[in-house]
Structures are given as structure tokens and as C-alpha cells.
Amino acid sequence: MTRHFNFCAGPAALPEAVLARARDELLDYRGLGLSVMEMSHRSSDYVAIAERAECDLRELLAIPDNYRVLFTQGGATQQFAALPYNLLGAGGTANFVQTGIWGAKAIKEARHLFGHAVVAASSEANGHTAVPRQSDIELSEDAAYLHYTANETIGGLEFDYIPGAAEGLRRRDGAEVPLACDMSSSILSGPLDVSRFGVIYAGAQKNIGPAGLVVAIVRDDLLDRARADMPSLFSYRALAEAGSMINTPATYSWYLAGLVFEWLKDDIGGLDAMGAINDRKAAKLYAAIDASEFYSNPIAPGNRSRMNVPFVLADSRLDEAFLAESEEAGLLNLKGHRSVGGMRASLYNAVPEAAVDALVDFMADFEKRRG
């Protein structure tokens, strides 16, 4: 069996240790004579799996006791609708910092459902190459919450700060404005102060596990701000009270997420260690790009994503050759998103440092031969 280096933006690489353990437990989970995929989600054995996953995630992120952790379905895109349904019940308007395609999709969904949303700041004027400054964020007088995308997966643009002061965001009238964040492509990539946020949500298929699962972390006092016309499966309150099991959850994805959390704790040594590894990986690739006249990255250095590194070749006619030769070299899924073209290397947690070293070597060789 040959495994190549996978730079896919999602569904993304999973740790080999996790895949190996899932393989070993696939047919017979700990002597029970059945697979986790075949278990009742109400059984004591599966509930133990689910509870352990939540406990490990809480430990990794140091999640305060006044937050609920929800394992639900539909991916981050479903949260574009679930979030305003859960936070606009008392009135007010959803506010957004728009820094790319995924932020734009979240705004579009809020406007589609509720007719109005406020763009409190945007990086559109600079082509989404640098995030707005904190002083550029202008909340509406009726802001119910502020939403932003911590890392734009497609554009490779990452916030270098958390919006708001340490004590939180405030409207002009002094009312608190909860901060909501789509962390689909950056969660678990390093330490995080969860207490700065009202809601964090993340699709699993980057740093958590397989596609089909989304994790939401919701502050307790926000559980009762929902609209009465909300679909029941969207309700943070209902999910919290049901232990994320209003209906049959994505049981196998939840189990695999739990294995990833264990891997981060036991094999990597926690998020400080993971963050240091990710910093090294990104620094190596950006250094190779910056040292070359053949490759380039458009993002302001302070906002370059550690997880998703887009780059273009000086001659786009060589794109297809680059992709074909890189795949032959065992470097998979380097094609950029269809909306922007070029190349993109996603360096999620499970992508080893050796993969970045191999990519840098390949890029240098390709430039030597083709540049």
C-alpha cells in the first residue's frame, strides 16, 4: 500500500494513526462483535464514545463550563442558516465582517432568510488580500451579533486578531454584541481563547474528521435567543438538551473525530505543540514562494493563512504540467479552487512536515526545469 501526500482543502487528510486505529476497530469495536457504524447511538457503548470525544475537545480547547459543545450535521453551510435562527429571536440585525467567498455565502443566507444583514467591514476593496483593521469594523445600532470567517479556505486569508476587545464587543448603547465565528479551516490548528466568542462552529472535514459533521460551541446565555419559527433540528437549545441526539447523529464521523482529538492530545501533545508544527510548515512553504520569481502569493504577509496556501505560477500555461507532474510525484490535490484558479496547498494538522518538504523540493525542481 502506498499513501501519498494529500494537500486537499476538504475532505482533507486524516492522521495515519487515526486511520490505522479505525481500520483495526472497524469490524469489531473492542470485542463487542460489531462496528461503531452498526451501534445504536442510544447504547451505553456509543454514548461513552460521544462523551469521551466531547471531554477531549473541551480539554484541548480549554472550553469554559458555561459553553455547550454540539455535534450536529449539515456542515458549516447549514450553520449559515442555523446561526441567525438561534440569535435573532430578540430582534436586531446580523452583522458581518466579509473577507471572502465563505463570508459572502453566510451573508447571502442571512439576507435570504431574514431580508437584511449589515456588512460591518469588508476586505473587498483590496481584493480580499488583507483583513479589515479592527478600527474599520462599524457595528449597526441594532447589532444582534457579529460574524466573521477566521480563515477563508479558498482565498487563503486568515485573521491575525480576534475582533473586539478582551472584554467583548459593544454597541454604541453599551449592549454586548456576541462574536460568532466560522472556524471550519482553522479550529484546532493552535491554541484558542474560546471565552472571547459567543458561538464557534466548524465543519469537520479539515482538522476534525470526515465530512458530514459540524461542531458548534455555544455560550449558555445564547441558548434562549432563538426565533420561534426555527426548524427544530437547528435549535442550539434542543441539541444541547438532547446531548446532540435529537435524531440519529453522524455516529461514525463523531467517533473518528474523537480519535483525532485523542491523537492531538496523546501523539502531538496538545494545541501548543500543534500550533508550532503548523507555523513551521507554513513558514517553509511561504519562504519558498517568496524566494522565487516563478511562484507568487497575493496575500498580505500578516494575513497569510497557515492552513491554505494559494499560489500562482508566473506562466499560467504551465499549470496543467505542474499539476500532472506533482501528482506523479505523489503530491495530491494541489489544484486551486475553480473560482480563483492557480494552486492551493492545504496544510491541515494531519499533513506532515515531510509533505511540505517534498512540495518545496518539487517546486524548486519544476522551476529549474520549466522556469
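Rings of Phe, Tyr and Trp (its six-membered ring) form a pair if their centres lie within 6.5 Å; planes under 30 degrees apart count as stacked, over 60 as edge-to-face and the rest as tilted. By this rule the count here comes to 19 aromatic pairs.

Before you start clicking, note that this is a predicted model, in which local features need pLDDT of at least 70 and side-chain atom pairs count only at pLDDT 80 or more, while totals for chains, interfaces and linings use all residues. Residues are numbered from 1 along each chain as its sequence is written, and side-chain values use heavy atoms, with hydrogens and water left out.

**First stop: two ring pairs**

Select Tyr148 and Phe197. Their ring centres are 6.5 Å apart and the planes meet at 15°, so the pair is stacked. Tyr148 sits in strand 5 (residues 143-149) and Phe197 in the loop between strand 10 (179-182) and strand 11 (199-203), so the pair ties together parts that are 49 residues apart in sequence. (Strands are DSSP runs of E, at least two residues; helices are runs of H or I, at least four; both are numbered from the N terminus.) Tyr148 counts as buried at 2% relative accessibility, and Phe197 does so at 1%. Buried means under 20% relative accessible area, exposed over 50%, and partly exposed in between (1.4 Å probe, protein chains only).

Now select Phe311 and Phe322, an edge-to-face pair with 6.0 Å from centre to centre and 80° between the planes. Phe311 belongs to strand 14 (residues 308-313) and Phe322 to helix 8 (residues 319-328), so this pair ties together parts that are 11 residues apart in sequence. Both Phe311 and Phe322 are buried.

**Next stop: helix 7 and helix 9**

Colour helix 7 (residues 271-290) and helix 9 (residues 353-370). They pack at an angle of about 0°, with their axes 10 Å apart. Axes are lines fitted to C-alpha atoms, for helices over the stretch in contact, and angles run from 0 to 180 degrees between N-to-C directions. Helix 7 is therefore roughly parallel to helix 9 (under 35 degrees; over 145 is roughly antiparallel, 65 to 115 roughly perpendicular and the rest oblique).

**Last stop: helix 1 and helix 6**

Finish with helix 1 (residues 16-25) and helix 6 (residues 251-268), which pack at about 130° with axes 9 Å apart. That makes helix 1 oblique to helix 6.
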